[in-house]
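Dear colleague,

My notes on it come after the model itself.

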Amino acid sequence: MAASLAAPGENLRVNGDRLWDSLMDMAKVGPGIAGGNNRQTLTDADAEGRALFKSWCDAAGMTMGVDKMGTMFATRPGTDPDALPVYIGSHLDTQPTGGKYDGVLGVLAALEVVRTMNDLGIQTKHPVVVTNWANEEGARFAPAMLASGVFAGVHSLDYAYGRKDPEGKTYGDELKRIGWLGEEEVGARKMHAYFEYHIEQGPILEAEEKQIGVVTHCQGLWWLEFTLTGKEAHTGSTPMNMRVNAGLAMSRIFEMVQAVSMGEQPGAVGGVGQVFFSPNSRNVLPGTVTFTVDIRTPSQEKLDRMRAKIEAEAAAICEALGVGCSVEAVGHFDPVTFDPVLVGRVRSAAEKLGYSHMNIISGAGHDACWTAKVAPTTMIMCPCVDGLSHNEAEEISKEWASAGCDVLFHAVVETAEIVE
């Protein structure tokens with residue numbers, strides 16, 4: 001990829017008001033109970049959000065393609081029919097109690113890039129494709145980033161179709177049910193480059209008073225699902241020394257995960273966000289406890305070491321208590337280094353436009369982590385208030401959203417190569 005291409009003039013900006021209006025309109029689809037959204041993958045709300053997005057893409061003169069995972073690709077043609085497209089996107093699905101911007105900002109900012117190109121009459125050699133990846137969150141169907149993972153060859157289509165939600169419904173069946181099962185083979189598309197714009201989901205940019213995060217790396221991740229097997233027993237009549245307490249083993253593992261993570265500072269995190277007790281009764285010791293340990297770091301060495309230590313120490317904790325222990329890796333990606341040429345274009349665009357910026361490492365996983373396996377990839381981030389995300393109180397400002405979209409526009413148009 002060429003390091004220097006013609007770029008749009010620094011006076012050109014996107015329509016920030018139009019971007020914001022689109023964000024607010026999409027937020028009306030699948031509203032949450034506290035100001036955010038519940039638009040989980042392959043629900044009726046997801047189908048409604050997809051239809052709204054398609055209507056906007058149609059109005060912008062793009063053609064829509066859908067693959068067998070339900071990922072949507074809206075194409076603005078380039079002048080060279082043989083040139084590979086520049087892809088931009090993120091996801092429209094949300095957490096059960098998600099915010100209005102996580103993922104959605106990236107999709108609708110990509111749409112705004114195309115709308116602005118239309119307004120300004122900009123033609124590019126490479127096509128530009130706006131992408132809505134399916135099931136990025138993994139809230140309903142684990143693992144996260146499922147469709148982009150199939151696209152990158154990390155998962156098989158059969159594996160993805162067989163993933164079940166808590167009610168036992170499969171991804172494949174639900175995709176058919178909502179009417180968004182496409183015909184395109186997953187991963188058949190080839191990319192010239194991929195850009196993803198996202199809220200930071202952390203507090204660094206706001207604390208440093210920077211408008212733009214130039215994302216250089218993404219942390220690696222393991223989701224380790226533990227199943228602990230104890231013995232259901234009455235909490236009042238079972239002597240303490242005769243219990244096989246899976247709940248106690250769980251609590252000691254939680255403390256251990258904290259200690260292991262703190263022992264790898266700086267630049268490592270670990271914790272647990274989901275727990276299931278069975279039978280989950282007030283006066284019954286649990287027979288089974290299932291929970292997922294989430295560990296992340298940009299260092300491959302630390303990531304490998306943390307996983308090995310957590311699994312070994314968990315086994316020892318459970319053995320000492322007579323509790324059964326099994327572990328399954330239900331989510332993983334190695335640390336990612338984003339394409340230095342694209343990273344440089346993002347940084348140059350921020351400088352040219354006069355926006356304050358800093359290098360940043362993504363603490364969360366994104367579809368860009370998988371596209372980086374098959375194409376030059378990078379990300380742009382904007383601040384979010386108090387670093388809050390995966391929460392209905394998630395908030396950004398119109399100015400932050402617009403600044404990042406301006407940078408996205410300039411980096412994308414430069415990469416797609418303006419035709420004079």
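This is a predicted model: local features need pLDDT of at least 70, side-chain atom pairs count only at pLDDT 80 or more; totals for chains, interfaces and linings use all residues.

Residues are numbered from 1 along each chain as its sequence is written, and side-chain values use heavy atoms, with hydrogens and water left out.

The search ran on a 1 Å grid over the protein atoms alone: a cavity is a set of points where a 1.4 Å probe fits but cannot get out, a pocket is an open set with protein on both sides within 12 Å along at least five of seven lines, and lining residues have an atom within 4 Å of a point. Grid points are joined across faces, edges and corners, and a volume is the space filled by probe spheres set on the points.

The largest pocket holds about 1400 Å³ of space. Its lining is made up of 49 residues, and those closest to its centre are Glu137, Gly138, Trp223, Gln274 and Asp294. By class, this lining has 17 nonpolar, 21 polar and 11 charged residues (Ala, Val, Leu, Ile, Met, Phe, Trp, Tyr, Cys and Pro count as nonpolar, Asp, Glu, Lys and Arg as charged, and the others, Gly among them, as polar). Among the strands (DSSP runs of E, at least two residues, numbered from the N terminus), β9 (269-278) is one that supplies at least two residues of the lining, and β9 gives the most, with seven. Domain 1 (16-218 + 335-419) and domain 2 (220-333) each contribute at least three residues to the lining of the largest pocket, the domain bounds coming from an automatic or database domain assignment.

The second largest pocket, with a volume of about 260 Å³, is lined by 18 residues, of which Val154, His155, His332, Phe333 and Trp370 lie nearest its centre. Both domain 1 and domain 2 give residues to this lining, so the second largest pocket lies between them. β12 provides the largest share of that lining, six residues, and by class the lining has 11 nonpolar, three polar and four charged residues.

Finally, there is one cavity of 30 Å³ or more. Its lining includes Asp93, Glu137 and His390, and the lining residues divide into no nonpolar, five polar and four charged.

With best wishes

How values were computed. Helices (H or I, at least four residues) and strands (E, at least two) are DSSP runs, numbered from the N terminus.
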